[in-house]
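Biologist: Could you take me closely through one part of this model, namely how its strands and helices are set against one another, and give the cut-offs behind each term as you go?

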Amino acid sequence: MINFSTIERKWQNRWEKKETFKLDESSRKNKTYVLEMFPYPSGSGLHMGHALNYTIGDIYARLKRMQGFNVLYPMGYDSFGLPAENAAIQAKEHPAKYTEKSVKNFIKQQKGLGLSYDWSRMIKTSDPKYYKWNQYFFLKLLKKGLAYRKKSNVNWCSKCNTVLANEQVHLGMCWRHTETEVEIKNLEQWFIKTTAYAEELLKDIDGLEWPQRIKTMQKNWIGKSQGAEIIFEINGSPWKIFTTRPDTLFGVTFMVVSSQHSKLNELISDEQKSEVKKFLKKIKSTKQEDLDKLEKEGVFTGSYAKNPLTGEKIPIWAGNFVLADYGSGMVMAVPAHDQRDFEFAKKYKLGIKRVIGEHGKARKANEKISEAFIGYGDLINSEGFTGLSSEEAKEHIINALETKKLGKKTINYKLRDWLVSRQRYWGTPIPIIYCKDCGIVPTKEIDLPVLLPEKVKFGKGNPLETNDQFLNTKCPDCGNNAKRETDTLDTFFDSSWYFLRYLSPSNDKEPFNKKSVKKWFPVDQYIGGAEHACMHLIYSRFFTKALRDMNYLEANEPFRKLFNQGMLRGKDGDKMSKSKGNVILPEDVSKKYGIDTARLFLISVASPDKDISWSEEGVEGSLRFILNVYSFLKSFKEKKVTKLQESKLNRIIKEYSEDLDNFRYNSASIKLRELFEVLKSGCDKKSLEIFLKLLSPICPHISEELWEKLGNKNFISLERWPVPNLKKINEKLELASKDFEKTVGDIKYILKMIKERKKKVGKKVFIYVIPNELKNYDSKKLSLEIGIDVNVFAVNDKEKYDPQEKSKNVKPGRPGIYVE
């Protein structure tokens, strides 16, 4: 048995000692930047589910290195955040120490997987040398008007004790504490103005080489709508209401304001206060998809709006299905032409007025209807606009509103500004100071980083408020006593530009070197989960565009190509988790099978973008293959290769390279096994070395070991990738060989069936083939393969023995078979 652990340690140590995978900045080779989404270093460490993601990236990076590219392949840790803080509190250990231990464990485990990272570029977001630049960029965004503070209804998780972004609320529950209901609070918060780039973020999606489903998810999240902004008078003040259907303006019978609107109190009459208060207690989320799944409920506020074209009084209701920050946070309800509004109107016995009829069909405005007509048609009961088509009416109604200065054509987006304030300790301190005289004052750049204090109290409220030395400071402008901001930045801020820090991780003068950015950025191949489509991936795109406009870089997008890996589930088919007891650890796998065996198994089961389940039987199949390779090489004796072997070797080099380049790893593993079957009957040293080179990105340790056993001194990891000689690929020869092998299989199957069903043993076999295929079926070779006499005849041979006339049904590549 092979001692895999010894072999793995041997080559991992040698790679580290020789800095085998360290980037050569002076190289003139074409560059490629390969990156996986960096991990949060949990205290429980890596399991094989994580290993799948890193193995996918490592295979690609190793391939590109051997193909002659200068490969940048770094690793770092998203080490700030709630999980580390909560886990540290539970373990009664400071988050800094807890995180440090976790990072060390992750590094050890990742090195154990044989990952070919350039470890000299390792970063941690909790390092002041990193988060100093978080603070720097926050100040730059503030200066450019892309960061601001406002009072807002926010999602609050009582267990996290902090605000959650909309993207972090799932079905009214916290994304981390899935059994904790989210509350709504109204707090002063810091926001990043992502909406300033809404149109560009949307427009540039189609040019990305990303999975279509991610592109679609981003388009839907940004949610561009074309419509009109209409001014309704409410309690003497103008309210701007966005609608995509101005053609239905005459059918508005009530308005719905968001139950989380900052001006809701101004609309509530004294008579309705208690009813509204009762209703508001039911609201658990500010997130659109959560609101969409709720039963639509509301309460009358006691106020009315004035229709700008009819002057009608329209009752205003507070509802649980309108977002406070979409449009103006209030919508006009047209129940005859919107199913949601229709159901709401029926529930609360509100008016329903039809103003659009199907083309060519006469309808009465007060006609009773059983459901909303949501399509387009001809206007009815719409004063001077009656008879116009919906499309014509949109233009005419907007023109009428513009003339009266009561509306205009506009575009709206679902994308909201990014709430970045967090009321927790383990994050980047927001570099802001509050002065009674000067107001909100940015920290001077020379005073960065604003360091996290070590001594804080955890338990209630914001931990940073418990350290007076941190909290109390001097105003940078007037020198008077002032207070520091005690919120920290959302950790998605940290991960929105980390890929740039890898380019010059030790630079203490600037966040990154512009020359390096020009050479290496954007990332050529990014790898990570689809769950980040509407958080990390949008924030990173925004950040890149904002930095471009501030002249830090030239690129428009951070990631040229994106690959989403699938999930590795436990043996039981469930997601791996400690609580379920189905976690598979890399260390255990390494001891039992060797990590190369696990790497081969992970990419063999299915396409790497599909979910798979861990299987001991599957791993053992991969182990058998590696043992066979090792055994063959141990007793290897050189033998001249045949033309057929040469053809198959060069074809497989071509197809296998294309598979790896396009993440068709499972298909590649099949071709690797096929090549071994071709060579194991005997081959020359050169062909065996080519096989080992093809094997090395997937199974690097065993490939290095066997490469050395063949007498080679250099690392196989740095060898040149094999290039196929297309002239040596002989498709006819391979087809003939394939037909021969299929015929052998067919004969064996027939002999087996005769034995099982007729209890007889076949003694002679007769084969009938078309004349031009006769040369492909050597009777001696067939007899040797089958173990009994095999006679081969051309179908036009007049002397052939064919008692059952099997030769009549022969087709190209499908011989007739008769057994006696």
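Modeller: I will begin with a sheet and then turn to the packing of helices.

This is a predicted model, in which local features need pLDDT of at least 70 and side-chain atom pairs count only at pLDDT 80 or more, while totals for chains, interfaces and linings use all residues. Residues are numbered from 1 along each chain as its sequence is written, and side-chain values use heavy atoms, with hydrogens and water left out.

Helices (H or I, at least four residues) and strands (E, at least two) are DSSP runs numbered from the N terminus, and two strands pair if DSSP finds at least two bridges between them. On that basis, four strands make up an open sheet, ordered β6-β5-β9-β19, with antiparallel pairing. The edges are taken by β6 (162-164) and β19 (418-419), and each has a single partner strand, so one side of each is left without a neighbour in the sheet. Within the sheet, β5 (residues 147-157) and β9 (residues 183-192) run antiparallel and are joined by 10 bridges; in this pairing V154 stands opposite K185 in β9. Across β5 and β9 lies helix α5 (residues 128-143), which runs at about 85 degrees to β9, where contact means heavy atoms within 4.5 Å and angles, from 0 to 180 degrees, are taken between the N-to-C directions of axes, which are lines fitted to C-alpha atoms, for helices over the stretch in contact.

Turning to helix pairs, α21 (residues 643-661) and α22 (residues 665-679) pack at an angle of about 165 degrees, their axes 9 Å apart. The two helices, α21 and α22, are therefore roughly antiparallel to each other, since angles under 35 degrees count as roughly parallel, over 145 as roughly antiparallel, 65 to 115 as roughly perpendicular and the rest as oblique. Among the residues that meet are L649, I652 and Y656 in α21 and A668, L672 and L675 in α22. By class, the contact of α21 with α22 holds 10 nonpolar, two polar and six charged residues, with Ala, Val, Leu, Ile, Met, Phe, Trp, Tyr, Cys and Pro counted as nonpolar, Asp, Glu, Lys and Arg as charged, and the others, Gly among them, as polar.

Helices α3 (residues 82-91) and α4 (residues 95-112) pack at about 110 degrees, with their axes 9 Å apart, and α3 and α4 are therefore roughly perpendicular to each other. Here A84, E85, A87 and A88 in α3 meet P95, Y98 and T99 in α4, and the residues of this contact divide into five nonpolar, one polar and one charged.
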